[in-house]
Amino acid sequence: MTAADENRIPARKISIFGREFTMPRSRGLRITIGILLTMGGIVGFLPILGFWMVPIGLLVLSYEFAMVRRHRRRLVVWWERRRRRPD
């Protein structure tokens with residue numbers, strides 16, 4: 001192991017439906033992917049593109065922007081409370 005390996009930041013991973021995906025190391029690329037997914041989801045009525053792209057795009061962007069991250073965390077807390085509540 002060299003000094004460059006020790007200083008390297010670990011890759012960010014995103015978990016969707018129990019599967020983990022590695023995100024690109026470049027912040028600009030992550031932002032671009034998130035914006036493209038969100039914009040592609042807006043025109044979800046077209047073939048190939050779908051409304052499923054909006055939440056995934058926002059999830060990718062949530063790792064970069066505090067405002068989106070705050071909403072994602074609130075949603076996760078709400079979902080877990082709802083799931084664990086006895087019916």
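Helix H4 (66-84) contributes the most to the lining of the largest pocket, with 8 residues. Helices (H or I, at least four residues) and strands (E, at least two) are DSSP runs, numbered from the N terminus. This is a predicted model, in which local features need pLDDT of at least 70 and side-chain atom pairs count only at pLDDT 80 or more, whereas totals for chains, interfaces and linings use all residues. Residues are numbered from 1 along each chain as its sequence is written, and side-chain values use heavy atoms, with hydrogens and water left out.

The lining of the largest pocket comprises 19 residues, and Ser-15, Leu-59, Arg-72, Leu-75 and Val-76 lie nearest the centre. Besides H4, strand E1 (13-16) and helix H3 (53-62) each supply at least two residues of this lining. By residue class, the lining divides into 13 nonpolar, 4 polar and 2 charged; Ala, Val, Leu, Ile, Met, Phe, Trp, Tyr, Cys and Pro count as nonpolar, Asp, Glu, Lys and Arg as charged, and the others, Gly among them, as polar. The space in the largest pocket is about 720 Å³. A pocket is defined on a 1 Å grid over the protein atoms alone, as an open set of points where a 1.4 Å probe fits, with protein on both sides within 12 Å along at least five of seven lines; lining residues have an atom within 4 Å of a point. Grid points are joined across faces, edges and corners, and a volume is the space filled by probe spheres set on the points.

The chain as a whole has 4 helices and 2 strands, arranged along the sequence in the pattern α-β-β-α-α-α. Of its 87 residues, 22% count as buried, where buried means under 20% relative accessible area, exposed over 50%, and partly exposed in between (1.4 Å probe, protein chains only).

The two strands, E1 and E2 (residues 19-22), run antiparallel and are joined by 4 bridges; strands pair if DSSP finds at least two bridges between them. E1 and E2 form a hairpin with 2 residues between them, and Phe-17 in the turn has a positive phi of about 55°. Across the pair, Ser-15 stands opposite Glu-20, and Ile-16 has Arg-19 as its bridge partner.

H3 holds several buried residues, namely Met-53, Gly-57, Leu-59, Val-60, Leu-61 and Ser-62. The buried residues of H3 pack against E1, helix H2 (27-42) and H4, with contact meaning heavy atoms within 4.5 Å.

The loop between E2 and H2 contains Met-23 and Ser-26. Leaving aside residues up to four places away in sequence, Met-23 touches Ala-11, Arg-12, Ile-14, Arg-30, Val-60 and Tyr-63. Ser-26 and Ala-11 are 15 residues apart in sequence, and their C-alpha atoms are 9.7 Å apart.
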